[in-house]
Amino acid sequence: MEAFKNSLKTSSEPVKQFGGLVGIIIIIFLTFFVLNNIFGEGDELVAKMKIEEERIAEERKLNKLISSLPSGVLVSFDGTDNFKLSDELYEAVCKATKLIPQRAIMGANFLNFRAHEIYTINGNKIDETFVKWDDEKNKCFAGFVVSGNNVGVDETVKVSGEALSFLSTGIDTRVYFIKNF
Amino acid sequence: MELLKKYPKLFQWLFLLAVFFALCFAIDVPETYKFIRGQAEFVKDPNQSAFVFLGKEVRYYAFDVFWRLPPLLGWLPIWINDSLFFLMNDWMPMEFWNEDTQEYKTRPLVLQITRNLTAFMTFLIELIREILLGGLETIVAFTSWDWIDANPWAELPGLPWTIVAAGSAILAYKLGGKGLALYALLSMTYISIFGQWKPSMQTLSFILVAAPLSFIFGLGLGVAAYKSKRVEKALYPILLVMQTMPQYAVLVPALVLFGVGDHAAVIITMIVAVPPMILLTLLGLRAVPPEVIEAGRMSGCSNWQLMSKVLIPTARRDILIGVNQVIMVCFSMAVISAFIGAKGLGFNLLLALNQLNIGLALEAGLCISLIAILLDKMSLAWANKQVDYFGNLNFFQRNKNSLFFGVIVIVGILLAYFGSIYFKDGYNYLFEVPHNKGISTADFWNKGVDWIFDTFFVYIKAFNTWLIVDVLQPMRALYLRMPAIATLVLVVGAGYLIGGVRSASVVCGLTLFIAFSPWWDRALVTTYMATFGVLVSCTIGFTVGTLCFQNKHSTNFMLNVCDIFQTFPSFVYLIPVMMLFGITDTSVLIAVIVYATIPATRYTIEGLRSVPAGLHDAATMSGVTKFQRLFKIEFPLAFPHMMLGLNQTIVFALFMVIIGAFIGTEDLGQYILKALSDKKGAGIGLTLGICVAFIGLIFDNLIRTWVGQRKKHLGID
């Protein structure tokens with residue numbers, strides 16, 4: 001050790017500087033190594049991203065299908081003048097739909113007094129909306145959650161029902177009617 | 001081995017580069033990395049990782065750390081935002097008297113202070129605007145709307161354009177002689193007859209408030225820094241960052257604090273304009289010879305007298321150059337602050353650029369440039385002017401300029417009055433040529449642009465495609481391909497080899513700040529664009545500078561050209577390039593090149609000029625050729641100075657790249673622009689601004705340290 005110290009002291013300035021450079025590079029390496037142990041998520045992230053990419057690909061396929069649909073109201077039942085969805089299309093549209101506009105929410109609230117009351121009190125705020133395809137029942141379900149403080153009491157109401165028709169804007173589809181009775 | 005001993009530095013640099021490239025090749029691009037994912041910051045995605053710091057949740061894509069560091073500073077913009085929100089809405093609520101409602105109202109202290117400040121600024125701007133253009137807001141501020149209804153004569157009519165034009169010519173004559181007076185008269189007349197009077201006066205009113213206030217604050221802080229080491233130390237980091245901080249970035253937090261409009265623009269302009277004033281005041285005061293200070297003390301001066309009667313008058317020239325810098329910054333801010341609602345030429349220019357009406361943009365840009373050049377020349381003339389001693393002059397000789405101005409006011413008023421009779425049914429052109437009612441060349445320029453496109457479309461398109469596909473995209477890919485560890489090793493290693501451990505630590509800190517922010521990829525894109533601009537600018541600047549230096553007349557001519565180009569507000573550079581290349585990265589880069597070539601050329605000439613004449617003679621006597629003298633004597637000696645030019649070129653290029661976000665690019669500037677329209681953008685805008693400033697400071701530190709050592713080595717320190 002002593003000999004190493006002495007050799008360091010006696011070594012020339014360029015050698016010392018080169019040693020410093022190597023030292024700095026090693027410090028940077030070690031720091032990155034430690035950080036990688038704490039924050040790195042290599043393979044895990046690859047797996048997650050692959051699932052995400054598959055989801056995006058699926059979404060693109062659905063979007064393509066939606067853009068081929070006529071604009072206007074699309075229904076899943078007989079007896080109206082609107083575009084009638086086949087069973088396959090009904091499922092595809094359900095899976096591609098994300099939005100529930102105010103019209104559908106107001107319509108559902110019409111038959112749910114508590115939801116309507118909270119929706120009015122909280123300034124028409126919706127906490128959460130969902131559109132799901134039920135594989136067992138072969139039906140599309142849509143709904144929303146409203147919450148608010150009603151005369152000092154915190155209340156949360158979930159409204160859910162079968163999404164029977166959709167509105168196609170040409171760019172996306174939205175739930176048009178939720179049957180919650 | 002012998003070679004290694006002979007050139008140890010070269011060996012160290014080669015080793016550093018070898019490590020850098022080895023790392024670049026050894027670390028693969030992660031399968032999941034896509035540049036576009038960089039845009040997903042703050043967007044919730046189930047694949048993102050998250051951490052919570054100081055109660056703020058930061059979401060990010062966790063790559064291999066050797067490739068990209070996690071954004072450990074991602075909480076900073078959120079924290080800045082929340083702090084600003086807290087300061088403005090919750091901190092220290094107090095009771096304040098409200099004049100309008102005649103009752104006390106609870107308001108947070110900071111909100112009250114900022115509102116009072118903005119009200120004061122608005123009053124000042126309105127006052128000057130109404131002197132120049134007329135109006136009644138100022139009178140109403142002292143009286144009431146009822147009083148104005150009862151006394152309609154009290155409304156300020158505004159000065160006719162003839163008086164302002166002639167007045168500026170007289171002032172220019174007093175400061176700089178006939179040439180400057182003629183230029184002032186022609187510029188003002190041009191502005192008027194081209195229907196740009198109103199926006200020009202709006203811009204001028206904003207500058208006439210911002211510039212004096214910046215001067216007062218800058219001078220005060222400069223004096224305080226001169227008197228106290230502590231103040232200087234406290235100011236130093238702020239001044240350093242502000243020098244390289246893009247002006248754009250200051251807009252966003254100021255928007256939150258002061259709102260939208262001219263008042264906010266004045267405050268932001270002051271924030272940007274005060275640092276150069278402080279620096280030049282400090283420089284001037286430091287340059288005062290100790291003998292002068294001693295003489296002042298010997299004469300029994302108090303501290304105040306010493307400062308006001310000895311130090312400031314002696315440092316007058318540097319301080320007035322500071323004023324000149326303040327005015328120039330104000331003009332560049334006149335356009336940028338249009339983003340937050342400042343009225344005037346800047347707003348018109350922005351509007352025209354937004355509509356892609358190049359002709360209108362050119363007209364507005366030309367007016368800004370004309371006024372900027374005029375005020376630049378006038379302030380420089382003021383700085384260089386000797387004090388008049390008029391002991392032997394009579395009253396007329398002493399006050400001839402004021403008397404002339406008095407006569408002009410009367411003549412101008414009479415002309416405006418006759419104009420009101422002559423142009424009874426239309427606009428009184430002798431009072432003010434309304435906006436868009438003057439002569440306009442916009443159509444001509446627009447047709448010119450169309451002609452250029454029609455005639456040269458194929459060539460422009462081919463050039464554009466070649467530049468983007470074959471040069472810019474590969475270069476961008478190369479920069480983005482650099483793993484974080486490789487970049488850090490290169491930058492820190494360079495810092496160590498140039499300035500030792502101290503320099504390495506400084507650049508390491510600055511680089512880590514950017515690497516730990518959520519915008520590392522964008523910072524790489526910014527750096528690539530700036531690098532490309534700097535490479536081309538330096539090649540042009542060094543060549544042109546060297547060629548011009550060979551002749552005295554061409555040297556002076558080129559320095560004058562640099563002077564004029566430097567006075568153009570940076571936004572103006574976008575107009576001609578948009579005419580030629582449309583809305584593309586090419587336009588931004590060409591604007592960067594033109595803008596950044598100015599300091600490269602200027603510093604090359606100044607550097608070559610700084611070589612002592614004695615050395616020229618000695619070289620000539622030794623029988624060297626012109627070529628040998630240039631390469632063996634002048635270049636090595638001028639190189640430190642030229643490197644300072646490179647430093648300035650980098651700062652200029654960075655500024656322009658950020659401004660270029662207005663017409664495209666996908667760098668940090670684009671995010672600053674986005675932050676402008678984001679309700680919670682203050683923190684993001686400021687952090688991004690600091691990132692850009694730090695890129696500039698990394699180069700600044702490396703270059704300045706190298707220059708210092710080189711000068712020491714050459715014995716020219």
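Visitor: What share of the 181 residues of chain A counts as buried?

Guide: A residue is buried if 20 or more other C-beta atoms, placed from the backbone, lie within 10 Å of its own; 12 or fewer make it exposed, and in between it is partly exposed. In chain A, 22% of the 181 residues count as buried. Bear in mind that this is a predicted model, where local features need pLDDT of at least 70 and side-chain atom pairs count only at pLDDT 80 or more, while totals for chains, interfaces and linings use all residues. Residues are numbered from 1 along each chain as its sequence is written, and chains are lettered from A and ligands numbered from 1 in the order in which they are written.

Visitor: What is the radius of gyration of chain A?

Guide: The radius is taken over C-alpha atoms, and the globule rule is 2.2 Å times the number of residues to the power 0.38. Chain A has 30 Å, whereas a compact globule of 181 residues would have a value near 16 Å. Its C-alpha trace spans about 100 × 50 × 30 Å along the principal axes.

Visitor: How is chain A divided into domains?

Guide: Domain bounds come from an automatic or database domain assignment. Here domain 1 covers 2–40 and domain 2 covers 71–179. The C-alpha centres of these two domains of chain A lie 64 Å apart.

Visitor: Which residues touch the most other members of the largest nonpolar core?

Guide: A nonpolar core is a set of buried Ala, Val, Leu, Ile, Met, Phe, Trp, Tyr and Cys residues joined through C-beta atoms within 7 Å. In the largest, of 208 residues, they are Cys330(B), Ile368(B), Val592(B) and Met656(B). Helix α21 (residues 484–515) of chain B supplies its largest share, 17 residues. Apart from this core lies another of 28 residues, including Val93(A), Ile118(A), Phe144(A) and Ala163(A).

Key: Helix = DSSP H or I, 4+ residues; strand = E, 2+ residues; numbered from the N terminus.
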